[in-house]
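Here is a walk through a protein structure, written for someone just starting out. Keep the picture open while you read.

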Amino acid sequence: MKRIATGLCAALLLFSLVGCSDATTNVSDKNEALITIGTDKITKGDVYNGLVAQGDISPVVKALTTAVAANAIETTDEIKAAAQANVDTLKASATDWEAYLKNSGYESEEALLEDLINQVKETKITSSYVSEKYTTLATRLEPRKLQVVSITNKDVVNEAQQKANDGVDFTELAKTYGDGKQNGVVSIYTNASGLGADVWKTVLATEEGKVASQTSYNPETATYYLIKVIDAKTNEFKDEAISVIAASTAKNEDGLSISEEAFNYYLNKVGYGIHDAIVYSALLSESAKYERVK
Amino acid sequence: MKEQIVTIIKKFWFVILVGCIFCSFAIYFAWDTNKDKIPGKSVGRQDIIFSAADVNYTADEYYDSLFNISNDGVKNGISQLYLLLEKTVAQQLDVTKEMKEEVKASAEAMASYYKSLYGTHYDSYMNMQLQMLGYEGVDELEEFLMDQTRLDQIIFEYLEKNDTLVDAVFTKYQPRVISHILVACDDPANPTDAEKAKMAEIKKALKDKEFGTVAAEYSDDTGTISTNGSLGLQLNNASLVTEFLNAAWKLENGKTSDWVKTEYGYHLIKIDETSQKKIMNDETYRATIISQILSDNTDLKKKIVWDKAEQLNVKFSDETILKEMKAYIGIKDETEDKE
C-alpha cells in the first residue's frame with residue numbers, strides 16, 4: 001500500500017514538475033531533403049524554421065482576417081453585389097481576363113468573386129461589432145447629435161454666443177464667426193471626437209433641443225465652441241452613430257481601438273486557437289487584437 | 001472485501017489523507033504551470049498554426065506562402081536555402097585547435113557587445129538573428145562563428161587561385177598600413193605656443209625612439225594610443241580627412257611625413273607597410289582586403305560557395321529549386337542553353 005502511494009505521488013510530482021513547453025510547428029514533410037552535401041542534408045524543416053524566424057507573419061494575418069470575416073460576417077445580397085461590381089470593374093479593365101485571373105493567383109472567376117466577397121466582409125467587421133454591441137459602446141462613447149461651431153477669435157465669441165441664444169441658425173453663425181473646422185451642420189459627435197473633456201461636460205449638461213448657454217473652451221486647441229444638442233437619445237440615430245463609432249480611434253481600457261476590439265471579439269467568437277508560440281508572439285508584437293481569450 | 005477496505009482505511013487514514021492532499025496540490029500545480037502554455041495541434045500529419053471556426057491554417061500553408069514571398073525578384077525560400085547551403089558547405093571543412101580558440105574569444109566578445117547593446121534581453125536578440133541564419137539560437141553562437149571562419153577560409157583559398165581579384169584591389173585602392181601621431185589643436189590655423197612646443201618635442205623624440213613608442217607617449221588620438229599610433233590597414237576610400245588621405249597616399253613604404261594640418265590639429269603620418277605579400281600574410285589585413293573584394297563583386301561570395309558545393313558533389317532533389325538557386329547565385333543554367 002505504502003509503495004503504491006509513494007509511487008503514485010512520485011509520478012504526480014514528476015508530471016507536475018516536467019510540465020509542457022509552448023508548442024511550435026513544422027511542415028509535415030520536415031525531414032524531406034532539398035539539398036544533400038555528403039552526409040549532410042538541408043531539409044524542408046530547416047528552411048521552415050529559418051523562414052519563421054524572419055518574423056514575417058503577413059500570411060498568417062491574412063488567413064486569420066479571412067477566417068474571421070468569412071465566419072463572423074453574414075454574406076448578404078448587398079455584400080455579394082458590391083463584390084460582383086468589383087469583379088465587373090476588373091473584368092472591364094483587363095485586356096486578357098483569363099491571364100489576369102491566372103497571374104493574380106485565381107483558378108477561376110468564382111474564386112476571385114469569393115475572395116472579393118470576403119474582402120468586402122472584412123470591411124464590415126468593425127461596423128458589425130458596433131451594431132452588435134451598440135448599447136455598451138454608446139454608454140462608453142456617449143454619441144450625441146449636435147450642431148457645433150468652432151471659433152478661435154476670442155473677440156467675437158460672446159457676440160456669437162448671444163446670437164446662438166437668440167436662435168440664429170448655427171450654419172449661419174459658422175459662416176460669420178467660425179474658424180471653418182466645425183461648421184454648424186448637424187453631425188454625430190462622441191466623447192472621443194476631439195472636442196475636449198470640458199466641452200464634452202457642457203454637451204452632456206445641455207438638454208436636448210437646447211443651445212448651451214455658455215461658450216465652452218478647449219485649452220488644448222485654444223478653441224471656443226457654440227453647441228446645440230439636437231438629439232441625446234442614442235437609439236434614435238443608431239445607424240448614423242454606428243458609422244461614427246466604427247471610425248473612432250478611441251481606445252478601450254486594454255489599449256485597443258474599436259476596430260481592434262471588434263477583430264478580437266469576432267476572432268475569439270469563432271473559436272480561435274493558436275498553436276505556435278513563435279507565431280503568436282509575433283502576432284502580439286503587431287497588435288493585441290490577436291490575443292486569445294483564455 | 002468491503003470490510004477489508006474499511007479496515008485499511010481505518011488503519012492508514014492519516015497516510016491516505018496526506019496522500020490525497022499532496023495529490024491535490026500536485027494536480028493543481030501541474031494545471032497552474034501549464035494553463036498559459038501554447039498547446040500544439042495536428043490534423044493528420046499536419047501541424048496547425050491557428051484554428052478559427054472550421055479553418056485550420058497549417059504549417060505547410062505557411063511554408064508555401066513564406067517560401068514564395070519575393071524580395072527584389074528573389075523568393076524568400078531560395079535566399080533562405082542559400083544561407084543553409086552556405087552553412088552546410090562551410091561545415092565540410094576541418095576545424096583546427098587555433099580556429100576553436102579564436103572562435104571562442106570572438107563569441108565571448110560578441111556576447112559582451114550584445115549585452116552592452118540590449119542588456120539582459122541580449123540573448124533573445126541573438127537568438128532571433130541566429131535562427132534566421134539557420135542556427136538554433138545563442139547556444140550555437142560558436143558554431144555560427146566557426147562556420148564564418150571556415151567560410152573565410154574557403155574564400156581565401158579561392159582568392160589564392162584567382163589572385164587577379166587581389167591584384168585589382170591593390171591597384172585600385174593601394175592599401176597601406178598607416179600610423180600617426182596627433183597634436184590636437186583648438187584652432188589648427190593658429191597653434192598655441194604649448195602646441196608648437198609639443199610638436200618640437202615629438203620631432204626630437206623621434207630621433208632616438210621608434211615612431212610607435214613616441215605615438216604611445218605623445219599622441220592626442222586616444223583611439224590609437226593602445227596600438228602605438230597604428231590605424232591598421234587603410235584603403236584609399238577610407239573615411240579619413242582629405243588632407244590626411246592626400247598626404248598618406250603620397251608617401252612611400254617606411255617613410256614619415258612632415259606635419260600635416262587637418263581640422264583636428266597636426267599629424268605625423270608613417271607608412272608601415274604597402275607590400276601586397278606581407279599584407280596578405282596578416283590575417284586581419286587579409287580580412288579587410290577580402291571584404292573589399294566581396295564588396296566590389298557582389299555575387300562572388302555566392303559563386304565561391306557554389307564552386308565549393310559542386311566540388312563536394314551537392315545534390316538538389318528538386319530541379320525547379322536548383323534552377324532558382326542558380327539564378328539567385330548568378331550562374332547560367334546549362335540546361336536552358338540546351339533547350
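## Strands inside chain B

In chain B, B:Ile178 stands opposite B:Gly232, which is in β7(B). Before going further, note that this is a predicted model, where local features need pLDDT of at least 70, side-chain atom pairs count only at pLDDT 80 or more, and totals for chains, interfaces and linings use all residues. Residues are numbered from 1 along each chain as its sequence is written, chains are lettered from A and ligands numbered from 1 in the order in which they are written, and side-chain values use heavy atoms, with hydrogens and water left out.

Helices (H or I, at least four residues) and strands (E, at least two) are DSSP runs, numbered from the N terminus. Two strands pair if DSSP finds at least two bridges between them. Strands of a sheet pair through backbone hydrogen bonds, either parallel or antiparallel.

Strand β6 (residues 176-184) of chain B has two pairings to look at. With β7 (residues 230-234) of chain B, β6(B) runs antiparallel over 4 bridges. With β9 (residues 265-273) of chain B, β6(B) is joined by 8 bridges, also antiparallel; here B:His180 has B:Ile269 as its bridge partner in β9(B). Of the 9 residues of β6(B), 8 are buried (under 20% relative accessible area; exposed is over 50%, partly exposed in between; 1.4 Å probe, protein chains only), so the strand is largely enclosed by the rest of the structure.

Now pick out B:His267, a residue of strand β9 of chain B. Is B:His267 buried or exposed? B:His267 is buried, at a relative accessible area of 3%. Its side chain makes a polar contact with the side chain of B:Thr262, at 2.7 Å. (A polar contact is a pair of N or O atoms within 3.5 Å; within protein, one must be able to donate a hydrogen and the other to accept it, and residues adjacent in sequence count only if both atoms are side-chain atoms.) Leaving out residues up to four places away in sequence, B:His267 touches several others, including B:His180, B:Phe244 and B:Trp259; contact means heavy atoms within 4.5 Å.

## Where the chains meet

The contact takes 57 residues from chain A and 55 residues from chain B. About 5,000 Å² is buried between the two chains, with carbon and sulfur atoms giving 68% of that area. Buried area is the accessible area (1.4 Å probe) that two parts lose on being put together, summed over both. Across this interface there are 16 residue pairs in polar contact (both at pLDDT 80 or more). On the chain A side, α2(A) gives the largest share, 9 residues.

A sheet crosses between the chains too: an open one of 3 strands, in the order β2(A)-β1(A)-β10(B), with antiparallel pairing. β2(A) and β10(B) stand at the edges, each with a single partner strand, so one side of each has no neighbour in the sheet. The two pairings look like this:

| Strand pair | Bridges | Facing residues |
|---|---|---|
| β1(A) and β10(B) | 2 bridges | A:Ile35 and B:Phe316 |
| β1(A) and β2(A) | 4 bridges | A:Thr36 and A:Lys41 |

## A loop in chain A

Last stop: A:Val168, in the loop between α8 (154-165) and α9 (170-177) of chain A. A:Val168 is partly exposed, at 31% relative accessibility.
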